Amino acid sequence: MTSVSKIPSSLRQLVYFFSPNSSKPNINTKCQKILVTVSISAIGLSIALSYFYNRFKSFRKKRTITKILQTIPELNSKNVRIKDPDYVEMMLQNFVNSGKERLQVVSDFDRTISVCSYNGQPCLTSNAVIEMSPYVSNELRTKFKELRDFYLPIEHDFQMSKEKKLPLIIEWWTKSLDLVVKTQIESSNLKDIVRNSTTHLKNGCKWFFHTLERHDVPLLIFSAGIGNVIEEWIVQECGSYKNMTIVSNFMTFDEITKKINGFSGSLIHIFNKNEGVLLDTKHESSILNRPNVILLGDSLGDTDMANGFPSLNHVLKIGFLNDKVEEQLSDYMKAYDIVIIKDDTFMIPNAVLRSII
């Protein structure tokens, strides 16, 4: 048993104060006992306060984690589905904590940025805008329709594997672009073709474009359509943006006749739209240190658009489900983090972007 003499002096006094048989030091014992009691109570109170303060900080932290989704009421709309709210919350928190300097946006164009229907009528894609223009003969327009009638069911056949579809899709795109060349449209016709088309961009996309440019966030638009049409479309309805890159099938024109004579670069179709085609390009250098991605698309294949760059950390996938909702909703919920059902506005992407920037 340890002798009292070996106990530290600060504790030895406590032993003297509370031991009934010990000779007390020549001090006011009663006051000392009160002082010790108060000291012990203060220590206990300090420990309790420390415990509750840490609990309060933990509670505040949990509240912060759930704060972003709670402040986006648009995501509670009846036409919005979220596969995993906790996962989306984590992604948004990461985007906010990383800062806009680490963010980039990758988007499809047709029926993602452009509307699916207008005044109850289906709207044209960037390919169809050329096909249906008054500069195209009825004979060529019939051939465009024959291609579409044959290949479109193949594209929408969910039972057919991507491997089986791929050569047929490439065949379709190649034949279709060959027909575009045969139209012999001139570069000066583009403004009228776009201006007189029945298709429009979604309400709210102008704010989206402007906000991304103002905060220097790169925007990549991927499309298997006609790049010149997309570019003219955006300029006419929204303006031009220095942070925007469009990767698509761009027509080339003869320098003398000004008529179309082909397409530049490699063929872009629905199955090769991904950032891998941008390796060693100017756009690649602008996104090297931006591992966080907001991806916007309207088809199941669009979810692959951010593939090809190993440095990407988080990709928040937002999908527009425009038709065949009952048939496709389950697959869209598996492919996208947020699914927007039959909505020809940019309300949801704008709300998400507003919560991050």
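Over the ring of which residue does the charged end of Lys-202 sit? In this predicted model, that residue is Phe-320, and the charged end lies 3.4 Å from the ring centre. The legends below begin with this site.

**Figure 1. Phe-320 with Lys-202 and Phe-346.** The charged end of Lys-202 is placed over the ring of Phe-320, at 3.4 Å from its centre. The model contains eight aromatic pairs. In the pair formed by Phe-320 and Phe-346, the ring centres are 6.1 Å apart and the planes meet at 15 degrees, so the pair is stacked. Phe-320 belongs to strand E10 (residues 314-321), whereas Phe-346 is in the loop between strand E11 (338-341) and helix H13 (347-356); the pair therefore ties together parts that are 26 residues apart in sequence. Phe-320 has 0% relative accessibility and so counts as buried. Phe-346 likewise counts as buried because its relative accessibility is 0%.

**Figure 2. Arg-354 and the ring of Trp-207.** The charged end of Arg-354 sits over the Trp-207 ring. Its distance from the centre of that ring is 4.8 Å.

**Figure 3. Helix H6 and its bend.** Helix H6 spans residues 138-155, 18 residues in total, and extends 25 Å from its first C-alpha to its last, close to the expected 26 Å. At Asp-149 the helix bends by about 30 degrees, and Pro-153 follows within four residues. The buried residues of H6 are Leu-140, Arg-141, Phe-144, Leu-147, Tyr-151 and Ile-154. An α-helix has 3.6 residues a turn, so residues three or four places apart point the same way.

**Figure 4. An aromatic cluster.** Phe-150, Tyr-151, Trp-172 and Trp-173 are joined into a cluster by ring pairs. Tyr-151 is also one of the buried residues of H6.

**Figure 5. The largest nonpolar core and the surroundings of Ile-294.** The largest nonpolar core has 66 residues, of which Leu-92, Ile-130, Phe-209, Ile-234, Ile-294 and Val-352 touch the most other members. Helix H7 makes the greatest contribution to this core, with six residues. When neighbours within four places in sequence are set aside, Ile-294 is in contact with Phe-95, Leu-103, Gln-104, Val-105, Val-106, Leu-316, Ile-318, Leu-353 and Ile-356.

**Figure 6. A separate core of 17 residues.** Another core lies apart from the largest one. Leu-295, Leu-312, Val-325 and Val-339 are among its 17 residues.

Notes: Residues are numbered from 1 along each chain as its sequence is written. This is a predicted model: local features need pLDDT of at least 70, side-chain atom pairs count only at pLDDT 80 or more; totals for chains, interfaces and linings use all residues. Side-chain values use heavy atoms; hydrogens and water are left out. Helices (H or I, at least four residues) and strands (E, at least two) are DSSP runs, numbered from the N terminus. The expected span of a helix is 1.5 Å times one less than its number of residues. The bend at a residue is the angle between axes fitted to the seven residues ending there and the seven starting there. Buried means under 20% relative accessible area, exposed over 50%, partly exposed in between (1.4 Å probe, protein chains only). Rings of Phe, Tyr and Trp (its six-membered ring) pair if their centres lie within 6.5 Å; planes under 30 degrees apart count as stacked, over 60 as edge-to-face and the rest as tilted. A charge sits over a ring if NZ of Lys or CZ of Arg is within 6 Å of the ring centre and within 35 degrees of the ring normal. A nonpolar core is a set of buried Ala, Val, Leu, Ile, Met, Phe, Trp, Tyr and Cys residues joined through side-chain atoms within 4.5 Å. Contact means heavy atoms within 4.5 Å.
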